[in-house]
Amino acid sequence: MTAAEAKYPKRDFPFAAKCTWLITIGLYVSSVLFVSLCVPWTNSKLLRPGTAFTGAVSPFVIAIEEAGIAVIPGLANAGFLFAAWTAANTQLYVASRTLYGMCQGMTPASNPVLWPLGRTRKKNGAPVMAILTSCIFAPLAYLLCADTNAQKLIGVFSGMATVGCLLVWASQCFAFVRFYFGYVFTPDCLQAVE
């Protein structure tokens, strides 16, 4: 997604590809391991059926509270909110650039509805119409605050998004395997691109 807008893609993307799995294992797996060592699964503060889903049921917050540190649970919740905001920003970027890429090159004659999504602003090159179209779906998050029927609907949307992500990852893995075997059989094909 970001390859088209990267300044030095030949240098940056191999480094990012090598570091992604290290960051994932180092940050997520180790933090979950350490928290699971600090908070037993029998802790009564953990999320149970029928309890309210708030930041207080987070095992990270429980571990910090049981350590006796008063200020840090609020900072941990702020960190979680920041991580959620960052993830939402990334998804908005990906959605808008996907719309832009799919609609690029369309004319009003070929598709009178979608052609504005493939245009950018002359000032900064941002696809503003694609960004605004991607933002239309953001208020659906407020369905979590509604009654149980709306929460069932958000569960359906969440399931659809999960399946979509799995399909995207599967297609990326398949494309990489095909690329790899194509490269193995014709290793000089990339020299023509450079």
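Reply: Start with the surface: Phe176, Val177, Phe179, Tyr180, Phe181, Tyr183, Val184 and Phe185 form a nonpolar patch with about 840 Å² of accessible area together. Patches join residues with over 30% relative accessible area and no salt bridge, like charges within 9 Å and nonpolar side chains (Val, Leu, Ile, Met, Phe, Trp, Tyr) within 5 Å. A salt bridge is a side-chain nitrogen of Lys or Arg within 4 Å of a carboxyl oxygen of Asp or Glu. Areas come from the Shrake-Rupley method with a 1.4 Å probe, and for residues only the protein chains shown count as cover. This is a predicted model, where local features need pLDDT of at least 70, side-chain atom pairs count only at pLDDT 80 or more, and totals for chains, interfaces and linings use all residues. Residues are numbered from 1 along each chain as its sequence is written, and side-chain values use heavy atoms, leaving out hydrogens and water.

Me: Where does Tyr183 lie?

Reply: Helices (H or I, at least four residues) and strands (E, at least two) are DSSP runs numbered from the N terminus. Tyr183 lies in helix H5, residues 148–185.

Me: How many helices and strands are there in the protein?

Reply: The protein has 6 helices and 0 strands.

Me: What share of the residues is buried?

Reply: Buried means under 20% relative accessible area, exposed over 50%, and partly exposed in between (1.4 Å probe, protein chains only). Buried residues make up 12% of the 194 residues. Tyr183, at 35%, is partly exposed, and Ala141, at 47%, is also partly exposed. Ala141 is in the loop between helix H4 (128–135) and H5.
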